[in-house]
Amino acid sequence: MKKLLSYLNELPPPDRGAFASRCGTSFDYLRQIGYGNRVCREALAINIERESSRAVTCEELRPDVDWAYIRASSPPA
């Protein structure tokens, strides 16, 4: 997850906690994901993609999930 680690390291230190909070987790937990010590939950991957303005994508965080299917799905009627 080098892209996640790079993104986190580029954040100014005062902004790191706020970013993690907007994602619904802690900065330390994000770093654990970045180092490969933790698996990123799907919901958290979505939050990270949203809060990073797609600098880090769901596909990079969870390549085992079929994001293409989800992205192509239309909302339920």
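The model is predicted: local features need pLDDT of at least 70, side-chain atom pairs count only at pLDDT 80 or more, and totals for chains, interfaces and linings use all residues. Residues are numbered from 1 along each chain as its sequence is written, and side-chain values use heavy atoms, with hydrogens and water left out.

Figure 1. The pattern along the sequence is α-α-α-α-α-α. Helices (H or I, at least four residues) and strands (E, at least two) are DSSP runs, numbered from the N terminus. The C-alpha atoms fill a box of roughly 40 × 25 × 15 Å along the principal axes. Of the 77 residues, 36% count as buried. Buried means under 20% relative accessible area, exposed over 50%, and partly exposed in between (1.4 Å probe, protein chains only). The accessible surface of the chain is about 4900 Å². Carbon and sulfur atoms own 53% of that surface. Areas come from the Shrake-Rupley method with a 1.4 Å probe; for residues, only the protein chains shown count as cover. Take the contacts between residues at least 6 apart in sequence: 38% of them join residues at least 24 apart. Contact means heavy atoms within 4.5 Å.

**Figure 2. The largest nonpolar core has 19 residues.** Leu4, Leu8, Phe19, Cys40, Ile48 and Leu61 have the most contacts inside this core. At least two core residues come from each of H1 (2–10), H2 (13–23), H3 (27–34), H4 (42–51) and H5 (58–61). A nonpolar core is a set of buried Ala, Val, Leu, Ile, Met, Phe, Trp, Tyr and Cys residues joined through side-chain atoms within 4.5 Å. Look at Leu61. Beyond its neighbours within four places in sequence, Leu61 contacts Met1, Leu4, Ile33, Cys40, Ala45, Ile48 and Val56.

**Figure 3. Helix H4 and its cover.** Leu44, Ala45, Asn47, Ile48 and Glu49 are the buried residues of H4. An α-helix has 3.6 residues a turn, so residues three or four places apart point the same way. The cover over the buried residues of H4 includes H1, H2, H3, H5 and helix H6 (67–72). Ser53 follows H4 with a positive phi.

**Figure 4. The loop between H4 and H5, with Ser52, Ser53 and Arg54.** Which residues does Ser52 contact, leaving aside its neighbours within four places in sequence? They are Tyr7 and Phe19. Ser52 counts as buried because its relative accessibility is 5%. From Ser52 to Asp15, 37 residues away in sequence, the C-alpha distance is 12 Å. Ser53 counts as exposed, at 65% relative accessibility. Its phi is positive, near 55°, in a residue other than glycine. Arg54 is not a glycine either, yet its phi is positive at about 65°. Arg54 is exposed, with a relative accessible area of 58%. Ser53 and Gln32 are 21 residues apart along the chain, and their C-alpha atoms are separated by 21 Å.

Figure 5. Is Phe27 buried or exposed? Phe27 counts as buried because its relative accessibility is 17%. Phe27 touches Leu8, Arg16 and Ala20, not counting residues up to four places away in sequence. Gly17 is 10 residues from Phe27 in sequence, and their C-alpha atoms are 5.8 Å apart in space.

**Figure 6. Charges of the chain.** The chain has 11 positive and 10 negative charges. Their mean positions are 3 Å apart. Lys and Arg count as positive and Asp and Glu as negative; His and the chain ends are not counted. Each charge is placed at NZ of Lys, CZ of Arg, CG of Asp or CD of Glu.
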